[in-house]
Structures are given as C-alpha cells and as structure tokens.
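Please keep the sequence and the model at hand while reading.

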Amino acid sequence: MTTDLYCVMGHPVAHSRSPWIHARFAELTGQKLHYDKREIPLDHFERSVQAFIREGGLGCNVTVPFKFEAAKLATHTSERGLLAQAANVLTFKNGQILADNTDGIGLVDDIEHNAGLSLKGLRLLLIGAGGASAGVLGPLLQAGPAHVSVANRTLHKASELVARHLPLAAENNAELQAHTLHGFDRPFDVIINATASSLSGAAVPVAARALKPGALAYDMMYGPGAQGFMDWAQAHGALPRDGLGMLVEQAAEAFLIWRGVRPPSSQVLAELRAVIASGH
Ligand code: ATR
C-alpha cells in the first residue's frame, strides 16, 4: 500500500515547522500520511506542482512567495481563496487543482481559541496591505468586529484591499476603513502586524497611541522576525502574541480539508512551543 503524500512548497522552506506539525497531527488522529518540505526554484512553481501530482501527491501547503501563483494555477478556488487572491492550500483530486486559503481562519482561531479573546464588537487595526493582509481580512470581518482599519505605508494598496472587502464588511455589520500608517484617530483593542517591517530591521510601523491599554498586539510572524514588535507591544502595556499559533491553526484547517478530521491543534501548539523553547 502506498502512503498518502503531502508537502509544503516554498522558497525558502528549510526552517519550516509544517512537516513536524502535520506528522504530529497524523499521529494524534491515527492518520497514515507522509508530509515533507520542498524548496522550489523561484520560476519552477507550476512544474513542481505538476511533478508532485505525477508522484501521487494529494495536496500541498504553499508558502512565500508562491501563494499568488498557487491561486492562479487552481481549477477551482474557495470563496475565501478568491477574496484573498492567494492560496496556502492546494488539493489534487480527479485531475483538478483545488485552492483554498486557511491563513485567515488560522489567525482568528488562534486569537479566539488559544488566546481566548472574542473579536466580536472590537476595534481592529490590520497593518499592511500585501499578501499576508489579503489572506486574513475576510475571516477577520467574519468574526464580527465593530470596526477594522487597514493601515499601510502605501495608501492606495490599503484602499484597494478595503474596496474589495466592503460587501463582506457590510454583511457582517463591520465598519471598514483604509488609512496611512498614522492616519487613525482612536486606539484599537487588537492590532495585527502583517508587514515585513521587523524582518528588514525597520521600526514598528505604527505609533504606540494605536494601542488601548491591555490591547492584543499580534505579529503574524514568529521567531526573531516577530521579536521587535513583541518587545514594543510589551513596553507599551499591550499583550504581545506571535504567529506560531496561526501557523498551527492554518495547518489544522488544511489537515481537515485533506483528511476530514480536525486535529487537536491547541495541544500541538503547546508541544511546538516546548520544542522551540528547548532549542530544537
Ligand atoms: P506579504 O505577502 O508578506 O504581505 P508584500 O505583498 O510584499 O508581502 O507586502 C508587504 C507589506 O509590508 C506591505 O503592506 C508593505 O507596505 P507597502 O505596500 O507600502 O510596500 C509593508 N512593509 C514592508 N516593509 C515595511 C516597513 N519598513 N514599514 C512599513 N510597512 C512595510
């Protein structure tokens, strides 16, 4: 009997925790599968996907920088994938390529279930208007906040992202606005950093007046890339949180799509934090 085959494709992908996460999900749910990581040359994404399908691959996670290409390659795309215009999960079935985006639901699940904060009725600030923000804005609106501001260095990108999501915002009775990085006048309950500013060593992109006392300050990255933002949040009386839980929760949603079983993601997150803390 052959083993069901999955992988994560990205560039770079060497430090990806996804193989560990999916192996642990499989163990805990009694599923038999193999999941590995594949570093794909920048101009080889499509042919790498086709080669993986020929090998018998059943699905793959897609990470930076291929999420947009993955959405374009699909023969069918979920509603949340269409809104994000980017895909982090592909499923190969009957000659079709199905695309989905579980980043946003992963973020919302981590905030609501692991951090224990309901987003209903809150004021949210999403910083950045690139692929990372596009992947999460829809599910954030569906969580029922009172207000979401999207702030970006380049205003027109925030305006475009907001315009595309206005119908969803109205459906969920959420106010939705685009701003420059400093163009807001009231503080927020939750601020989410979806920019790559920490990675480049740049300063935190918004002023501390964005934070209500005790606000949740979430960086979608984890590890050293998130540290500057987390330290800043702590120093200004906010509750810092990195994106490790989002990583585990988006993986759990992918696992559910592929295997029809939801793995115990909170347990796996706690285990992964312990593995990382032990230096592995
Ligand atoms: P990703 O797919 O990771 O979101 P991206 O599409 O290149 O990557 O988007 C990067 C985001 O980080 C953008 O919102 C970018 O702002 P611009 O649209 O103005 O370029 C934001 N960003 C990157 N470096 C930044 C910095 N030093 N300060 C503020 N925002 C920054």
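How much space lies in the second largest pocket? In this predicted model, the second largest pocket holds about 240 Å³ of space.

## The second largest pocket

The lining of the second largest pocket is made up of Glu79, Arg80, Leu83, Ile105, Gly138, Pro139, Gln142, Arg164, His165, Pro167, Leu168 and Glu171. By residue class, this lining divides into five nonpolar, three polar and four charged residues. At least two lining residues come from each of the helices α4 (79-84), α6 (131-142) and α7 (155-171), and α7 gives the most, with five residues.

## The largest cavity

A search of the whole structure for cavities of 30 Å³ or more finds one, and the volume of the largest cavity is about 50 Å³. Its lining consists of Arg80, Leu83, Ala84, Asn101, Ala134, Gly135, Gly138, Pro139 and His165. Two or more of these residues come from each of α4 and α6, with α6 giving the most, namely four residues.

The lining of the largest cavity comprises four nonpolar residues, four polar residues and one charged residue. Domain 1 (4-101 + 247-277) and domain 2 (104-242) each supply at least three residues to this lining. Arg80, Leu83, Gly138, Pro139 and His165 are among the residues that line the largest cavity, and these residues are also among those that line the second largest pocket.

## Helix packing

Two packed helices are described by the angle between their axes and the distance between the axes. For α6 and α7, which supply residues to the lining of the second largest pocket, the packing angle is about 20° and the axes are 10 Å apart. An angle under 35 degrees counts as roughly parallel, and α6 is therefore roughly parallel to α7. The crossing in which α6 passes α7 is right-handed.

Helix α5 (residues 103-114) and helix α9 (residues 244-259) have axes that come within 7 Å and cross at roughly 120°, so the two helices are oblique to each other, and their crossing is right-handed. Helix α1 (residues 18-29) packs with helix α10 (residues 265-277) at an angle of about 135°, the axes being 11 Å apart. The helices α1 and α10 are therefore also oblique to each other, and α1 passes α10 in a right-handed crossing.

## Backbone features in loops

Which residues does the cis peptide bond with omega of about 5° join? This bond joins His11 and Pro12, and Pro12 is located in the loop between β1 (4-10) and α1, the helix that packs with α10. A cis peptide bond with omega of about 0° joins Val64 and Pro65, where Pro65 has its place in the loop between β3 (57-62) and α3 (67-73).

Asn94, a residue other than glycine, has a positive phi, near 50°. The loop in which Asn94 is found runs between β5 (89-93) and β6 (96-100).

Terms used
Residues numbered from 1 in each chain as written. Predicted model: local features only at pLDDT ≥ 70, side-chain atom pairs only at ≥ 80, totals over all residues. Heavy atoms only, no water. 1 Å grid on protein atoms, 1.4 Å probe; cavity = no way out; pocket = protein on both sides within 12 Å on 5 of 7 lines; lining within 4 Å. Points joined across faces, edges and corners; volume = space filled by probe spheres on them. Nonpolar A, V, L, I, M, F, W, Y, C, P; charged D, E, K, R; others polar. Axes fitted to C-alpha atoms, helices over the stretch in contact; angles between N-to-C directions. Parallel < 35°, antiparallel > 145°, perpendicular 65-115°, else oblique. Left-handed = near helix turned anticlockwise from the far one by under 90°. Domains from an automatic or database assignment.
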